[in-house]
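Hi,

Here is the structure I promised to pass on to you. Have a look at it first, and my notes follow below.

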Amino acid sequence: MDLHLFWFALLGVLLTGYAILDGFDLGVGIVHLAARRDDERRVLLNAIGPLWDGNEVWLVTFGGALFAAFPRAYAAAFSAFYLPFMLLLFALIFRAVSIEFRSKRESAAWRRFWDGAFFTASALATFLMGVAVGDSMLGIPIGPDGDYTGGVTDLLRPYALLVGVLAVATFALHGSIYLHLKTEGELQRRIHGWMWRAFAFFLAVYMLVTVVTLVAVPAATRNFANLPWAWVVVLLNILAVANIPRAIFRGKPLGAFVSSSCTIAALVFLFGVALFPNLIVSSSDPAWSLTIANAASSEKTLRIMRTIAFLGMPFVAAYTAVVYWVFRGKVELGKFSY
Amino acid sequence: MDAVLLARLQFAFTLMFHYLFPPVTIGLGVLLVVMEGMYLKTRDLHYEAMAKFWTKVFAVTFAMGVATGIVMEFQFGTNWATYSRFVGDVFGSALAAEGIFAFFLESGFLAVLVFGWDRVSPGMHFFATVMVALGSMFSAVWIVVANSWQQTPAGFHIVGTGAAARAEITDFWAMVFNPSSMERLVHVLLGAFIVGAFVVLSVSAFYLLKGRHLEFARRSFTIALVVAALAALAEVVSGDSQARTLATTQPAKLAAFEGLYTTAPGGTRLTVMGFPDTAERRLRGEIAVPGLLSFLVWGDWNKPVAGLDRVPRADWPPVALPFQSYHVMVGLGFLFVALVAVALLMRWRGTLFQARWLLWTFVFAVAGPFAANELGWVAAEVGRQPWVVYGLLRTSDATSKSVPAGQVLASLVMFGVIYALLFAVYVFVLNDKIQHGPDEPAPPPAATTGGGLLAAAGSLAGQGGESLTSTGEAAGRAGGE
């Protein structure tokens with residue numbers, strides 16, 4: 001396999017892993033204010049307690065891999081999205097801190113403050129990542145030397161904002177399905193209701209984004225002419241979306257969770273197809289776009305890193321499996337809980 | 001204000017803040033392995049209580065390290081786009097290795113370490129502790145390798161010219177084992193061990209002075225004292241070997257550390273203290289040992305060490321800041337050796353835990369290793385200027401051209417506010433944990449259902465569960481003393 005394509009695919013895998021895994025814990029942050037009582041909020045927090053940190057490592061590794069494999073794209077994207085990414089960082093910091101510190105004090109005001117911070121940070125981080133995806137679909141003004149030439153306002157386009165909302169809706173759905181799996185009793189019955197509401201919200205935004213993308217973003221489907229099999233992914237995506245209410249209705253939350261994970265994977269895949277072979281599309285001149293060929297590191301580096309990835313990935317899969325196995329089952333609050 | 005200066009200030013500020021935390025976790029990680037290993041070996045519940053308490057301190061600090069660490073990774077791209085393009089081929093592979101080998105390892109097993117006491121067997125838990133300790137050291141490996149490559153680049157060639165020039169790897173292992181990487185790694189790790197040990201020494205000394213958790217504090221103090229003594233001694237040796245390498249790889253940096261403006265014939269003096277005056281090109285108020293620097297660097301009292309006059313003026317680093325940072329760091333290093341030597345002697349004679357003045361010294365001495373770690377990095381990084389990659393890329397050419405100064409100023413102010421808040425919360429929570437103290441080791445529950453019942457009661461009662469536990473602890477404490 002071509003090394004450039006390999007690294008493009010591996011970045012896709014890392015982004016998919018991140019979106020599925022951190023997706024559910026960001027989603028928990030988005031929906032958790034719907035729980036009213038303190039002990040309920042603690043249950044929700046502890047449902048992701050041991051896992052969110054490891055999930056976020058997927059983002060760190062995605063960033064590191066982008067830096068290493070396609071430094072010109074990393075440099076252009078991160079400096080272009082300067083203010084949004086700074087906001088994203090602040091959101092991620094607040095999230096980490098609010099999870100860690102919320103339950104350390106008994107005071108109700110203390111806990112209310114961190115609950116608010118946890119919600120705001122989770123929703124904002126998700127929204128900003130969605131906006132970055134939307135902007136990437138549209139392309140951003142990149143000059144001939146690979147530097148961004150626009151300003152902040154060039155990033156706040158309606159389509160990008162809409163994709164941001166889709167990200168929030170998707171993670172809210174994914175997070176509530178996850179919570180349904182991890183809770184029991186009265187709380188679980190109420191989360192059942194959240195799932196339905198999140199699904200309705202998701203479905204509305206999803207259909208809207210799909211229509212707008214087909215009508216207004218021709219680049220998104222440009223590659224389908226060369227890759228007819230990509231239609232299969234579209235079909236699977238629709239089936240996965242359709243299976244979510246079916247599984248919820250039949251009382252199979254695991255099936256619903258697998259379906260929402262597949263939906264996320266399909267959306268990331270379609271995002272990749274829309275970009276390929278570009279990483280950053282220049283809206284100023286297509287010739288200045290940063291592609292997997294002109295933005296890449298040397299063959300030697302890509303080969304070394306492929307070895308590192310092959311050596312490391314089985315370990316990563318193993319730890320992830322071990323941790324999810326150790327913390328399987330319903331949440332119980334104990335001495336070591338948040 | 002100048003965009004380059006702002007970007008540098010932001011990087012320095014966020015990095016120095018971030019670097020308060022990783023040394024604690026690296027150092028505490030080693031101590032956790034020792035404590036839990038002792039528990040497994042002796043089955044003495046005091047060791048278990050120690051491992052559990054220090055794990056809590058570890059976890060809070062780790063969260064701070066993660067939260068402030070992502071900022072560092074993002075900043076290479078957001079603020080240093082030209083630098084990222086230049087070093088991506090080299091630096092990127094180290095960063096990718098760090099993510100894959102270190103971060104996943106530590107964050108995965110951290111979950112078991114913190115939340116898994118009741119969920120896995122003691123052997124499995126110990127394994128997780130070892131993995132977390134190793135993971136935190138691996139992350140130091142890769143980041144120090146990458147930084148050392150910026151100090152002493154090796155195993156690469158330059159492709160392209162002007163603004164499009166970039167370094168490409170020609171020899172991966174030559175890049176990893178570049179002339180300074182292993183020495184610097186040892187220095188960084190030992191520095192972290194000293195920080196971790198002094199944190200434990202400080203808290204334990206506080207308990208001893210207050211007459212709380214005495215058995216816990218004595219044992220924690222002793223283990224940390226041994227680690228601190230070994231690390232502090234080794235650190236002096238490591239610093240000496242680094243300075244010797246510096247003379248050949250980065251002579252301008254060594255000259256700045258020593259305030260050497262001119263290369264004089266014969267032996268070169270080792271400055272103990274002084275005030276560099278770059279305009280006059282001399283040191284004011286200098287106290288120095290003649291010929292000693294020549295002896296330390298070359299093993300020859302009469303062979304001169306190169307001064308800044310051998311370096312083109314445009315390539316001079318600032319002198320005063322690296323000079324003072326370096327000297328204070330070295331001074332602190334010797335102080336640590338002296339302090340732990342006195343403590344070890346008194347421990348051996350059995351008078352340590354009655355010496356209140358010494359225990360109070362240890363309560364506050366914890367600030368020393370933090371300062372020494374930060375100052376060491378200030379000396380290393382400012383001493384590399386005006387280069388971001390030594391001899392290859394100037395710092396002033398390395399920033400993101402597309403990010404205006406106003407945006408950097410805005411983010412810098414935001415970081416200032418958020419980090420101040422974050423630090424206050426961290427200190428607050430840490431203080432809470434220290435005031436609460438370790439759980440006194442209780443005899444094992446009569447039946448295994450005891451823990452489950454308590455947990456169930458806790459989950460039913462919500463907040464009440466915590467007060468239930470703390471009542472239990474208070475009772476245990478009263479019974480224990």
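A residue is called buried here if 20 or more other C-beta atoms lie within 10 Å of its own. Please keep in mind that this is a predicted model.

With that cut-off, helix 5 of chain A stands out in my notes: 17 of its 20 residues are buried, so the helix is largely enclosed by the rest of the structure. Helix 5 covers residues 82–101 of chain A, and its span from first to last C-alpha is 28 Å, close to the 28 Å expected at 1.5 Å a residue.

Next, the contact between the chains. On the chain B side 64 residues take part, and they touch 63 residues of chain A. The elements of chain B that give two or more residues to this side are helix 3 (45–79), helix 4 (81–115), strand 2 (166–169), helix 14 (405–436), helix 15 (449–461) and helix 16 (463–480). Helix 4 of chain B provides the largest share, 25 residues. Sorted by class, the side of chain B that touches chain A has 35 nonpolar, 20 polar and 9 charged residues.

Finally, a helix pair within chain B. Helix 2 (residues 22–42) and helix 7 (residues 181–210) of chain B pack with their axes 7 Å apart, at an angle of about 75 degrees; the two are therefore roughly perpendicular to each other. Among the residues that meet there are Pro23(B), Gly27(B) and Leu31(B) from helix 2 of chain B, and Phe193(B), Gly196(B) and Val200(B) from helix 7 of chain B. This contact has 14 nonpolar, 3 polar and no charged residues.

Best wishes

Definitions and conventions:
Residues are numbered from 1 along each chain as its sequence is written. Chains are lettered from A and ligands numbered from 1 in the order in which they are written. This is a predicted model: local features need pLDDT of at least 70, side-chain atom pairs count only at pLDDT 80 or more; totals for chains, interfaces and linings use all residues. Two residues are in contact if their C-beta atoms, placed from the backbone, lie within 7 Å. Helices (H or I, at least four residues) and strands (E, at least two) are DSSP runs, numbered from the N terminus. Ala, Val, Leu, Ile, Met, Phe, Trp, Tyr, Cys and Pro count as nonpolar, Asp, Glu, Lys and Arg as charged, and the others, Gly among them, as polar. The expected span of a helix is 1.5 Å times one less than its number of residues. A residue is buried if 20 or more other C-beta atoms lie within 10 Å of its own, exposed if 12 or fewer, and partly exposed in between; C-beta atoms are placed from the backbone. Axes are lines fitted to C-alpha atoms, for helices over the stretch in contact, and angles run from 0 to 180 degrees between N-to-C directions. Angles under 35 degrees count as roughly parallel, over 145 as roughly antiparallel, 65 to 115 as roughly perpendicular and the rest as oblique.
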